Amino acid sequence: MDAGGPGAVAIGLDPAFADLSALPGFTPDMVRTYLETQINRVREFGYDVESCLVDRGETAETVVEAALRSRSFDCVVIGAGLREPPELLLLFEKIINLVHQLAPQTRLAFNSSPTDTAEAAHRWLSQ
């Protein structure tokens, strides 16, 4: 929903598809809770935000394209789960190119973990 104020979309790998071996002790449910908390924190900063979680490639491009076409965003946050695993490099490139094609005016932000999405969005939405 476009509330008229600055808006963001957070694109990330659905925790159900994530390799959590680099985050010992984390479970998909824990990561999902962190992500939901971060989305709520972005809202607390006063921004409209949508979450766009994708699989490892089967439907990811279609899901991202639908989100980007749904409205105009001021910022796109790309999650670390899409950027860091080398095996997802092609998917990451496809998503970046979709953002470039469908939302060229949008600022890009990157989180470093499931716990700092709000700060990543705020860095660019507050300017």
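Good morning. The model is predicted, so local features are described where pLDDT is at least 70 and side-chain atom pairs count only at pLDDT 80 or more, while totals for chains, interfaces and linings use all residues. Residues are numbered from 1 along each chain as its sequence is written, and side-chain values use heavy atoms, with hydrogens and water left out.

Let me begin with the sheet. Helices (H or I, at least four residues) and strands (E, at least two) are DSSP runs, numbered from the N terminus. Four strands form an open sheet with parallel pairing, in the order E2-E1-E3-E4. Two strands count as paired if DSSP finds at least two bridges between them. E2 and strand E4 (107–110) are the edge strands, each pairing on one side only. On average, neighbouring strands of this sheet are turned by 20° against each other, direction ignored. Axes here are lines fitted to C-alpha atoms, for helices over the stretch in contact, and angles run from 0 to 180 degrees between N-to-C directions.

I turn now to strand E1. E1 and E2 run parallel and are joined by seven bridges; in E2, Val-54 is the bridge partner of Leu-13. E1 also runs parallel to strand E3 (residues 75–78), with four bridges between them, and Ile-78 in E3 is the bridge partner of Ile-11.

Is E1 buried or exposed? Seven of its seven residues are buried, so E1 is largely enclosed by the rest of the structure. Buried means under 20% relative accessible area, exposed over 50%, and partly exposed in between (1.4 Å probe, protein chains only). Both faces of E1 are covered, with Gly-7, Val-9, Ile-11 and Leu-13 buried on one side and Ala-8, Ala-10 and Gly-12 buried on the other.

Next, the helices, starting with H1. Helix H1 (residues 28–44) has 17 residues and reaches 24 Å from its first C-alpha to its last, close to the 24 Å expected at 1.5 Å a residue. The expected span is 1.5 Å times one less than the number of residues in the helix. In H1, the buried residues are Val-31, Leu-35, Gln-38, Ile-39 and Val-42. Seen down the axis of H1, these buried residues fall within an arc of 100°, so they line one face of the helix. The arc is that of the directions from the helix axis to the C-beta atoms. Asp-29 and Glu-44 are exposed on the other side of H1.

What do the buried residues of H1 pack against? They pack against strand E1 (7–13), strand E2 (48–54) and helix H5 (117–125), where contact means heavy atoms within 4.5 Å. After H1 comes Gly-46, with a positive phi near 100°.

Helix H5 lies across E1, E3 and E4, running at about 155° to E4. Its buried residues are Thr-117, Ala-118, Ala-120, Ala-121 and Leu-125. Around the axis of H5 they fall within an arc of 165°, so they line one face of the helix. E1, H1, E3 and E4 are included in what covers them.

For His-100, the relative accessible area is 58%.

Finally, the cores. In soluble globular proteins, nonpolar side chains tend to be buried together. A nonpolar core is a set of buried Ala, Val, Leu, Ile, Met, Phe, Trp, Tyr and Cys residues joined through side-chain atoms within 4.5 Å. The largest one here has 20 residues, and those with the most contacts inside it are Val-9, Ile-11, Val-64, Leu-68 and Leu-82. At least two residues of this core come from each of E1, E2, helix H2 (60–70), E3 and helix H4 (89–102). H4 gives the largest share, five residues. Apart from this core lies another, of 13 residues, among them Ala-8, Ala-10, Val-42 and Ala-120.

Thank you for your attention.
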